[in-house]
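Could you walk me through this model, stop by stop, while I have it open in my viewer? I would like to know what to select next and what is there.

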Amino acid sequence: MSKRTKGPDIRGKHSTFSNIIYFLGIMFRISPWLVLGECFWGAINRLPTRIISVLGVKYVIDIVASGDDRRKILYAVIIIAIVLIAAQVLNGIYREFFFAKEKEKVDKGLSRLLYKKAKSLDLENYDNPDFYNNFILVIEASAGGITGVLGMVQQYVGELISLITICSIILTIDPICLAIVGGIVVIFTPISNVIGKLQAQRQIDNNRLHRRADYFARIFYLQDYAKEIRMNDIRPLLMKRYNQAADDVIRNQKKYVGKIDFIYFFQELGVQVVGFMLLLPLYLGYCVLQKGTLSPGDFVATFNGAFQIATSFSFLTVGVVRTFSERARLIEKYREFLSRDKKINDGDATAVLTEPKEIKLNNVSFTYPGNDSPTLKNINMTLHPREKIALVGYNGAGKTTLTNLLLRLYDVTDGSITVDGCDIRDVTVKSHRDRFAAVFQDFQIFAATLGENVAMDTKYDNKAVTNALRHSGYTKELPNGPDTVLLREFDDDGVMMSGGESQKVAIARAFYKNCPYIILDEPSANLDPVAEYNLNRAMIEAAQNKTVIFISHRLSTTVNADRIFVMENGEIIEEGSHSQLMEKDGTYAYMFRLQAEKYQNE
């Protein structure tokens, strides 16, 4: 039995800590040494300067105050300089010879993970604007925003070890000072969570608004739009829409910046002014002037140490809540994307490539997610082996949707589709799709060689590619034959093709693939009449042992079809050969005569 569609996967939101650990786990699997190296380097990079600012300064001041041998100061300075220089040299070596390489490895691994997941997702996800916005957000954030977590973890480890070390030192001098600093920071910690939430939501909203603005920006530099913009007066409209989209981004920034800045100012006012400029100096002054419990060196060491503790503690509480919570919300989107369930699941069996078999659509209905009315209604259709089937009808009749269901790009809402009596949901998705070659109306040409574009693989047979191109009507002579590079993304000498040439390359894919069924969606849309006539002949010749299903609005291509199905409003309203439908004198005959009259008048 087939594995039927599961319900939506509903998961609760994860905690900040859970999201950080989850993402570190992914990076650790890609490059464990980078994660460990950053944690280790966090301590090495901060601890020397923190200890020197406390013990080093205390040592020097105590020597001066006691009148001890001043040469000890020189020795101390030399040791301090050596330690600092060594730390900088080690930092340079680590960053240049290890970090840069491993960081690229992590970036590559994260991108591969995202692309692999994107390829496996159901097509219906791309019909969902919320999904698409989140997908773009995840792609952009993974390039820096999310991976910045590793740098934050490095800082976290460094600050944590520094905090423990300096606390141990200050604790031996004056524990009350430590309690004052810690108390102040803890009081203002909850405010950071509010800031983190606002910053994360700002980025999510910005991503959605930037995508609109970027669309209009791309129009002005992409070649696809260049001729239309220059030949028409649409530029003012596009500029108006771009300005509106850009203004929305600015308004969104203003909405969040005012709130964030006010809350951050209030937080810093409490920590810095009340804590470090009022309470702490008053307490230290009291210890020096009234109690006499601190020496000059102790005074400076305690004040510097308290400042270092406050810095570390502020980051580990205020800073972590604010910055980690922002990153954690982006990771939540990343996590949701990677954990998104598929609805189109594999069956238990594996379809075998054989001769064409009978395909049956039994009471097939389909409704796109989010729509109230069905696109297809109770479709019953039987396709016999080696038949040439044409689907015709007005735009929106459901023709492309029907072929998408045949390919299991979507699953039927009701009914079933069988091949040789077996429900297509009972076999694996890949083995089912391997039985079909499909040329889509919105086909794409990739920045690769001509052979790779035809075979849709890095390995291809030059002779088979050449034959497939011949059947599609592609006759352009290229310098390196099938090894010629197309487009110029990766090769400045890449060959650019016209719309008709590109379509012939796309059609050649159907002739190249060894499979029993071919689906062609508007195969002659960009072809001239002669090329269209030759394609029809070539299609019959090359696909005589295959079942062919093609969609066309140009009814001259349907004349030689074995059967024609006329669709309207998601239903089949007529069926038969060209001559049978012309005799019936229904919708097909009306459409055909209308087109024929147009050509005759021209």
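Are Phe366 and Tyr368 buried or exposed? Select the two together: Phe366 is buried, and Tyr368 is buried as well, where buried means under 20% relative accessible area and exposed over 50%, with partly exposed in between (1.4 Å probe, protein chains only). Before going on, note that this is a predicted model, in which local features need pLDDT of at least 70 and side-chain atom pairs count only at pLDDT 80 or more, while totals for chains, interfaces and linings use all residues. Residues are numbered from 1 along each chain as its sequence is written, and side-chain values use heavy atoms, with hydrogens and water left out.

**Stop 1: the aromatic pairs**

Stay with the rings. The structure holds nine aromatic pairs, counted when rings of Phe, Tyr and Trp (its six-membered ring) have centres within 6.5 Å; planes under 30 degrees apart are stacked, over 60 edge-to-face and the rest tilted. One of them is Phe366 with Tyr368, edge-to-face at 4.8 Å centre to centre and 80 degrees between the planes. Helices (H or I, at least four residues) and strands (E, at least two) are DSSP runs, numbered from the N terminus. Tyr410 is buried, as is Tyr368. For another group of rings, select Trp41, Tyr94, Phe98 and Phe99, which form one aromatic cluster.

**Stop 2: the largest pocket**

Next, select Lys119, Leu409, Arg433, Phe440 and Met456. Among the 39 residues that line the largest pocket, these lie nearest its centre. A pocket is an open set of points on a 1 Å grid over the protein atoms alone, with protein on both sides within 12 Å along at least five of seven lines; a cavity is a set where a 1.4 Å probe fits but cannot get out, and lining residues have an atom within 4 Å of a point. The volume of the largest pocket is about 1,900 Å³, taken as the space filled by probe spheres set on the points, which are joined across faces, edges and corners. Elements that each supply at least two lining residues include helix H3 (71-120), strand E6 (436-439) and helix H14 (499-512). The lining has 22 nonpolar, six polar and 11 charged residues; Ala, Val, Leu, Ile, Met, Phe, Trp, Tyr, Cys and Pro count as nonpolar, Asp, Glu, Lys and Arg as charged, and the others, Gly among them, as polar.

**Stop 3: a cavity**

There are two cavities of 30 Å³ or more.

**Stop 4: exposed loops and a strand**

Select Gly421, in the loop between strand E4 (414-419) and strand E5 (422-423). Gly421 counts as exposed because its relative accessibility is 66%. Finish with Asn378 in strand E2, which has a positive phi of about 50 degrees although it is not a glycine. Most residues other than glycine have a negative phi.
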